[in-house]
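Me: Got a model open here. Can you walk me through it?
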Amino acid sequence: MFKHVTIVDMHKLLYIYNGFVIFALMAFMCITQEKINQSMVARSFLEYANAVPTSSLTMIYTSVLSFLALIIVSMIYRKIKQNLWRYMLFATEIVICMFLLRILNLSYDGIVLLIVADLMFRYEGHHQEYTLLAAMICLYFIANYNMAIFQAKIISFDAYVSYYNVATQSILLALKNTFYSINIIIFVFYLIMLVKNKHEEKERIRLLNERLEEANQRLRAYAIEVEQMAETRERNRLAREIHDTLGHSLTGIAAGLDACIITLDSAPEITKKQLNKIRDTARKGIVDVRRSVKKLRPDDLEKLPFQEALMQMTKDYSESSGMEIIFDIFSWSDNLRQDQEDVIYRVLQECITNANRHGHATKVTITIGGNEKYLLIVIADNGQGCENVKHGFGLKHMRERLELLHGSIHYWSDEGFIVEAMIPLNLEVNHGKNIDS
């Protein structure tokens, strides 16, 4: 029966029912006042009531307007999210509730439950216990007859009932108690649905979090699997390259040298020709190896001019890590070889990564200068520095790369970490005669 009833429906029902009760009581008091005036017993009624009643039209207009104002404030209170405005609106609801109680001569305090319903609807349980307690105490004093309206003189509901005979009085009092009971039943059912709704919402959030965690675990597992597959493919590719280039060339060289050993004494001319063939095979193998290594270059070095590739690499890293990277270029050689470009790129890449990962730096300055004989690169960061430098893979690989170019590397801590790399520009390293010799 109540399967499709929502918390919003119950809230509407609370207001509709209390509006009906308020207008029913108001109509009863207005009709009773008119009967008293028509029956000429107003003097005795005033002596019994000990107060002057408000005119019927004034009671009707003020009660209608007050209840409509309460509905509007309640709707805004339930939708607004800012705490300051919520507190102000809740205080406004309390003031309107007090005014309605005064208009009704404290004959019906069920409207207090409307305020409690709004308060419970927005109660989230996060450090709001004291706010809820203070509000409930305030509402309790409002509902208490002895504390309400600061002892203002009012005409009680019993005074209006006393105008009728005993049988009618019993019916009226029973009807009033019925109004109270029904209102409490609706309010309790509202609270049950509110608690159920919040519990279901928490359960949905818990299930959603579990599903998100499962999805994250699957994504992590998938990422690891993809990484492993990529590593496997790369290892297989490198294995194929080595097998197809170095393996083939070295096998031919070894076989040729074995033949040379046999013919060295008996047929020097044949041996000389064989050695020329071995040399050609070695050179071809070197070309194949260079072509394979070239495939391992960063994509930016393949697509962009070298300086633009460096700027793009540092820009991408700066945007992804939040670390500021500054270039100070005093001089630059436009005739760098590919192997020199590769080493410079990798050294800068490693230094920037170390500054962020190990030094927790927020700023890196890259200074590049030199002359026609050498290129000097200084990478300085504002990180934590390091008193005892451990020679890990990064520093080891940088040193090895620079030594291949007959370069050098130095590093130390000084309000951060500083790396200084020098690369000679007038030496043919791993090219031409050096390799062929």
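Reply: Start with threonine 367, which stands opposite valine 378 in strand 3. This is a predicted model: local features need pLDDT of at least 70, side-chain atom pairs count only at pLDDT 80 or more, and totals for chains, interfaces and linings use all residues. Residues are numbered from 1 along each chain as its sequence is written, and side-chain values use heavy atoms, with hydrogens and water left out.

Me: In which sense do strand 2 and strand 3 pair?
Reply: Antiparallel, over seven bridges, with strand 2 at residues 363–370 and strand 3 at 374–381. Strands here are DSSP runs of E, at least two residues; helices are H or I, at least four; both are numbered from the N terminus. Pairing takes at least two DSSP bridges between two strands.

Me: And what order do the strands of the open sheet take?
Reply: 1-2-3-5-4, five strands with mixed pairing. Strand 1 (324–329) and strand 4 (408–413) are the edges, each pairing on one side only.

Me: What comes just after helix 1?
Reply: Methionine 40, with a positive phi of about 60 degrees.

Me: How do the axes of helix 1 and helix 3 cross?
Reply: At roughly 170 degrees, coming within 10 Å; helix 3 is residues 56–79. Axes are lines fitted to C-alpha atoms, for helices over the stretch in contact (heavy atoms within 4.5 Å). Angles run from 0 to 180 degrees between N-to-C directions.
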